Structure formats: structure tokens, C-alpha cells
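The following paragraphs guide a new reader through one protein chain. Please keep the sequence and the structure in view while reading.

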Amino acid sequence: MIGNYFKTAYRSLKKNKGISFLNISGLTIGVAVCLLIIFYVIDETSYDRYNINGKNIYRVNTDTKFNGSASSSATAAPKVAEAMRLNFPEIANTVRLLPDEDVRFKKGDELVLEKKVFYCDPSVFDVFTLNMLEGDARSALTEPNSVVITERMALKYFNTTHAVGKTIEKAEDGNAVTNYKVTGIIENLPAQSHFDVDFLQSMVGLRISTNENFTAFFPFSTYLLLKPNADHKRLEAKFPAFLKKHIDFIDDLEKKGDYIKLNLTPLYDIHLQSNRLNELGANGNIQYIYIYSGVALFILLLACINFMNLSTAHSSTRAKEVGIRKVLGSPRKGLILQFISESMLISFFATLAAVLLAWALLPLFNRISGKSLGITLNTFAWLLPSIAGITLIIGLLAGSYPAFFLSAFKPVKVLKGETPAAHKGNGLRSLLVVFQFSISILLIISTLIIYNQLNYMQHKSLGFNRKQVLLVKHMNALNKQANIFKQEVLRLPGVSGATLSSFVPTGHRRWANYVTANNNMHQTEFWPVDEDYLRTMNMALDKGRDFNPALSSDSSAIIINETAARSMGFTDPIDKTIAYGNNQKQYHIIGVVKDFNFNSLRDNVTPVVLTMTTAFERKKQGDRPDVLAIKVGNEKLPVLMGIIEKKWKSLSNNQEFDYSFMDEDFDNLYHAEQRTGRISLLFTTLAIFIACLGLFGLAAFTAEQRTREIGIRKVLGANVPNLVALLSMNFLKLVFVAFIVAAPMAWLFMEKWLQGFAYRQNISWWVFIVALLGALIIAMLTISSQFIKAAVVNPVKSLRS
């Protein structure tokens, strides 16, 4: 019996090829989008799941607030890990990771730049699951100058994975070289890890790792492995007392409304639910997972609605079939099963086509989403159940209403030629069309607002000029020749300025620290720069003057930004002093620079103190300026770049020339928003296409049903434009109603999204006008071809139909 249902269903689909094609096409696109989003969601939610003890691993975060300036960091002071392990019995082990940025290792005569290098505690193998291919995890990092490398690095530097016991040379500042002994080889980390690493260097003997100061600003990513059944919330509740034990001035801070707090983030939540300073990698956003999943579901619903609309609209063509089946004794249950069988068959064909379409679109989707998704053996573990589930759900969801609708026909009325049911479903069909276009218009408005915000961010004045600024990296490799390189570059035609500093507004290096001003402690960025910094960056002074190396007094001079002046309570900051460092050295303020955005536009400007590099006394890794920012012209830029590279290689002993442009670095801050814009545009296009497929089918059916009416109107003098306008008006009214429904929803949704930006563009009225006109034009173009075709038919032929 079931086989007969499917055989009859196949014949029906073959007979109604046009409707079947529209239904299968819409469902294919909807299911393909769902599969791609399932790919994306599974990839995003699988981060760090390779860790066997992952559910018991937590990262320690530090939240601070000083005089109204708050920050949240994904790091902790060096001593926190050991102190917690000794104080809290719930903690089984701890580990610290410290990025060692832009390191060069020697490969033959070449110095190779590596960016995935960390210092870490020997306990790293007890906390994280890092499969050791060769070496002893218990002793691999217990000695100074020992290193564990990944198998790809072993192949890169030694042409074998059997590299334990070999030595690799690490270039330090200048020409100094440190020999590191390879003590272990680990598997390459999975792509789904919140940090990526190729070199794990022993932290044993590293001076800053033993710093006792609980308020020290060093970027130690600190992780706790809790014992089974330990409650991390109860552990967090003990942190305030723990801090009071180790920081003697914390009570004074709390009296002023300031604070230093520690909290925990579960390892599995880091990638999607953490967006703090000093993250070890670019994290995702759980909100986008919800958004993409919701949009994919809506697109699938649009395709199902098409099926329901077209099936009920064409009910009159199957009315006689239903009547004859009922007269011949077919029960309603049998008819329902028959129509659901057709729906399941369409769903099956659509799902098969969707798998092929998703596979074909995967490279494009990877480019849009910034992923490297692929089909592996593990993919089939969720793909096959997903296909079966989607086929069943779509078949039942899309087929149930048409099945009950068609099976309810009265055989007596149907066989007399009465088919009122086709008209009875008009209200529901109109409602479904409104729903389809509401979703489409909501997506159009959202996409326009996203691109409007991106355009605003790309053109907003940031307080500095990022255009035509070349950033030459790793200047500390030149040692004392860095300034010689700068002077030689300044003499080149086409170069209008250059400045040496480790800190540029679009860079990732930041240095938050404490200063004392007006007898209060303040948290601020502390940037060593040279005398050409403000001029090269085209930053404007609000008060005071720039640095002057000819003045000996400028060895203790600083320039602060407007936010720092407000935060420190200075109405007239010039010649005021602040104290900094363990010895509380006094610095006098010589200028106030206008605020400039050095973080993402999601964040407000925070206090910054600039001091001349020559005045910076502390000697630690990273203090020596490692970026040369060069203001270049547009003319003959490739030639100029070639000359700069030659000068670099002549002074750096032929080391790799690594550079970027400041405007490109700025754009890279907004990868997530750009990706959201691209995906929204793709989804909006597909949603509109699916909605138009359904509208096209309904327009064709409407034109067919009103053939005789059109003929009579033409005989009575109606022209083609009048007829097209008459037939189109009902559809355009539905689109307008859809706009009324979608517009406030889109405004609420996108207003909440924009709240994530400290600097944002207000939602403009023109966005809604463009969305409405766009939807009306798209709808008109979709239906007009069918109505024009019906309107130009000879009325004699129409009246004979």
C-alpha cells in the first residue's frame, strides 16, 4: 500500500512539472542553507572539545576599575596561579601561558619569523590534552631553554618528526642567539582551539614569571584544572577574600567605588562567550550563532510556505481527482497519506539536491565566513541523521496542511464543478505571503543597517590618519641600527614622515599600567613613542606642545589624551605631574592630544599616556621599539616599497621583510562585522529568491484562474497596463502589509545589535524607504511577467477557454 502511495505521488509530480519544479527548487535552497549553517554551528561550538578534562578547565580573568575607567582582561598576574593552587583544595592543577610574540628561529642561514610561540609552565600537559608523539610530558619543560614543538615545525626545521634532543637557535634582540633544546614533539593542535601554538618554551627561569606583585600587568593567560565535582561558582565566591589577603589597598579601592576582581570562564565558553582584552586568539560570538541559526530556520520556513501556498492554490486542478477517489471508496485517511507521500517525495528529492548544492557552495561559503569547513568521515556522523531528520520534518511540516485541506473536499460539490476550497484558502495564502515578505524585508533592512555601520566605521575620523601609512614590523631585530634605518627611509622621495614605537593605534600591543595623579591611582595605557609620533600619525594637540629631544627636561615629559585628563581630574593639565613605577618617578605633562581611537569602535576611548622612548628606563623584552610607521605617498608606491625592503635586508642580515598598511590593519579589527555583512547579504538574497519563487507560482495561478475575467475586461476596453496594475495590486498590498510588520521588528533587533558599538550610526529613515521600494520592485518584477503574458492574450481565445 505504501509503495502504491509513492508510485501515485511520483506520477502526480511528473504530471505537474511546473509546480513540482518550484517546490523542489525552493526547498533545495532552504535545505542547502540549513546544512551550511549546521556546518558552521558545529564547527563554532566544537572549540576546545578535544581536551579530555575540558569540562573541568577554567580560565582566570581580571576585571579592574580605577576612577571610572574599567577594563576586563583574559589574563591574571604572574603569582595568581601558584597562590590559588596553594589556597584552594578544589584546584587540581594550574598552568600559565605567556605569548612570545614574533619570534625568529634560525633555519640554516635564514631567520624565520614564527608567531605561534608561548612560554608555559611544565604542567601544561597535565591540564590540556596535547598528544606527545615523542618525548616525556612529565619532564619536557622542567629545564630552562627547553622547547616542545609541533610535528609540522619538526618537519619544517629538521625534516623529520624525530627531533627530540636536537637544538634550535632563537634570535634575541640584536645579534644574540639562544639555544633551545627540543624535548618533545606534539601533534598539531586542532583548528577548533581558542589558541594555536607551534612552540611551547619552558617558563622555568623566566624572570617576570616570578613577579610577586598581584597587580602586575603581564599577559599571563592562567588556567585552573578543578577536581571532579568541584563547583566553580563556589570557588569564585572565595576570590574576594583571597584578593584582600594579597592586595593590601583593595579596601581603599572599594570605598571609592573602584575594584580589582577575579572571575572564571569555562574553557568551552571561551571561543563564543568571551571578548576581553588579551585574548589568545580571535573569538567568535554566540549571538551570531543564534542569528544565523534563526535565519536558516526562517529560510527553510519560507520554502515550506511556498509548498503549502502552491499546493492549496492549485487545489482546483486536483479537485476532481479527490472527488472520484472518495466516490470509489477512498477514506480521508488514505487521501491524507497520499498527499503526505507526495510531500515526502518532494522533500526527499529536494534534500538530495540540497546536499549536492551545499557541497558545491562550500568553497564560496568558506570564503564568506572565513572558515575552512570540509567533508570528512566525522561529518557523516551528523550529516546522515540531519538529512533524514530534515526530510521527515519538511515532508510533514510542508505537506500536512495541503493534505488535510485537499482531503476535505466534498465529492458531490466537486463532481458538479464547484471548487470553493480554492477560494476558501485565499486568506491563509495571503497571510503566508505576508509572513514570507516580512522575513525578506526584515533581512533587507538588517543588511542595509549592517553595511551602513561598516561604512560609518571605515570613514569615521579616528583622531589620526591611517591612510598611506606603512608599518614595518620587528624593528627590534635591527638593534641599534633601527634609528639608522628610520633616518635612511626619511631621506627617500615619497616619504613624508616616520616614527619608531611598539605601540600604534591599529596594533595589538597594549600596555595598561597604574599611575598616581591628584593623590589617586589611575589605570592608563603607557606608550613609549618618539618625537615624530604625533606628526607622522597626524594627531592633533588640544593643549600644550609636542616632544622636543633637544630639551633635557623632556626626558621626564609626557603627553596625555583628553580622556586621561578628565579621568585624572585635570582642568588645566599642562605642567601638572603624575607618578609612575615602583620608585614613583615624577613625570610632567607638556601636552594634551585629542582623543584617538586605538581600540575597536565597539569600545570607548580609554586613558593614554605617551612618553619619549629615550626616557623609558625599564629594560624588558618588548620595550625596544619594534614598529616603524612610515607615511608614504601614492606615486610609485611599488618602487618605494622595493627600495625600503632592500634597505631593510641590508641592515638586518637578509631577514624577512614583514610589513602591513595601517588602513588594512584597521579593517581587520572588524572581521566579525564584515563576515556578518557578507552572510546577511547571502541569506537576504536567498530569502528573496525563495519568496519570489512562491510569488511567481501564485501569480501564474492567479492569471490562469482569471483568464475569462481578463478577456471580458479587454472586450470592455481595458488596456494592458490597466490589467497588469489591477492584477498586481493585491500582491503589492500584501508586500506593503509585510513591510508594516517587518519594519518595527527590524528596528528593535538592529537597535540592540548597534548597542554593541560605542561609536555607531543611528538608524536612518532612508533604510526603511529603500527596503520598501526594493521589496515592491522585486515583487512587481516577479509577478509582472505572468500578468503581462495573461493580459496580451487575444480575448476571443480567453473567452473560449
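At what angle do helix H23 and helix H24 pack, and how far apart are their axes? In this predicted model, helix H23 (residues 707-715) packs with helix H24 (residues 720-754) at an angle of about 145°, and their axes are 11 Å apart. The crossing of H23 with H24 is right-handed. On the H23 side, the residues that meet H24 are Glu 709, Ile 710, Arg 713 and Lys 714, and their partners in H24 are Leu 723, Leu 726 and Leu 727. The residues of this contact comprise 4 nonpolar and 3 charged ones, with no polar residue.

The view may now be widened to the whole chain. Its secondary structure comprises 26 helices and 24 strands. Of its 801 residues, 53% count as buried. Among contacts between residues at least 6 apart in sequence, 79% join residues at least 24 apart. The accessible surface amounts to about 36700 Å², and 57% of it belongs to carbon and sulfur atoms.

Tyr 292 lies in helix H10 (residues 286-313) and has a relative accessibility of 2%, so it counts as buried. Beyond residues up to four places away in sequence, Tyr 292 touches Ile 37, Tyr 40, Arg 675, Thr 676, Ile 679 and Phe 683.

Side chains of opposite charge can pair when their charged atoms come close. The structure holds 25 salt bridges. In one of them, the side chains of Lys 371 and Asp 43 meet at 2.6 Å, N to O. Lys 371 lies in the loop between helix H12 (332-369) and helix H13 (379-407), while Asp 43 lies in helix H2 (residues 17-45), so this pair ties together parts 328 residues apart in sequence. Lys 371 is buried, with a relative accessible area of 13%, and Asp 43 is buried as well, with 12%.

Another salt bridge joins Lys 238 and Glu 90, whose closest N and O atoms are 2.5 Å apart. Because Lys 238 lies in the loop between helix H6 (232-237) and helix H7 (239-246), and Glu 90 in the loop between helix H3 (80-87) and strand S3 (91-99), the pair ties together parts that are 148 residues apart in sequence. Here Lys 238 is partly exposed, at 36% relative accessible area, whereas Glu 90 is buried, at 17%. Finally, salt bridges also link Lys 116, Arg 152, Asp 196 and Asp 198 in a network.

Technical notes. Residues are numbered from 1 along each chain as its sequence is written. This is a predicted model: local features need pLDDT of at least 70, side-chain atom pairs count only at pLDDT 80 or more; totals for chains, interfaces and linings use all residues. Side-chain values use heavy atoms; hydrogens and water are left out. Axes are lines fitted to C-alpha atoms, for helices over the stretch in contact, and angles run from 0 to 180 degrees between N-to-C directions. Helices (H or I, at least four residues) and strands (E, at least two) are DSSP runs, numbered from the N terminus. A crossing is left-handed if the near helix is turned anticlockwise from the far one by less than a right angle, and right-handed if clockwise. Contact means heavy atoms within 4.5 Å. Ala, Val, Leu, Ile, Met, Phe, Trp, Tyr, Cys and Pro count as nonpolar, Asp, Glu, Lys and Arg as charged, and the others, Gly among them, as polar. Buried means under 20% relative accessible area, exposed over 50%, partly exposed in between (1.4 Å probe, protein chains only). Accessible areas come from the Shrake-Rupley method with a 1.4 Å probe; for residues, only the protein chains shown count as cover. A salt bridge is a side-chain nitrogen of Lys or Arg within 4 Å of a carboxyl oxygen of Asp or Glu.
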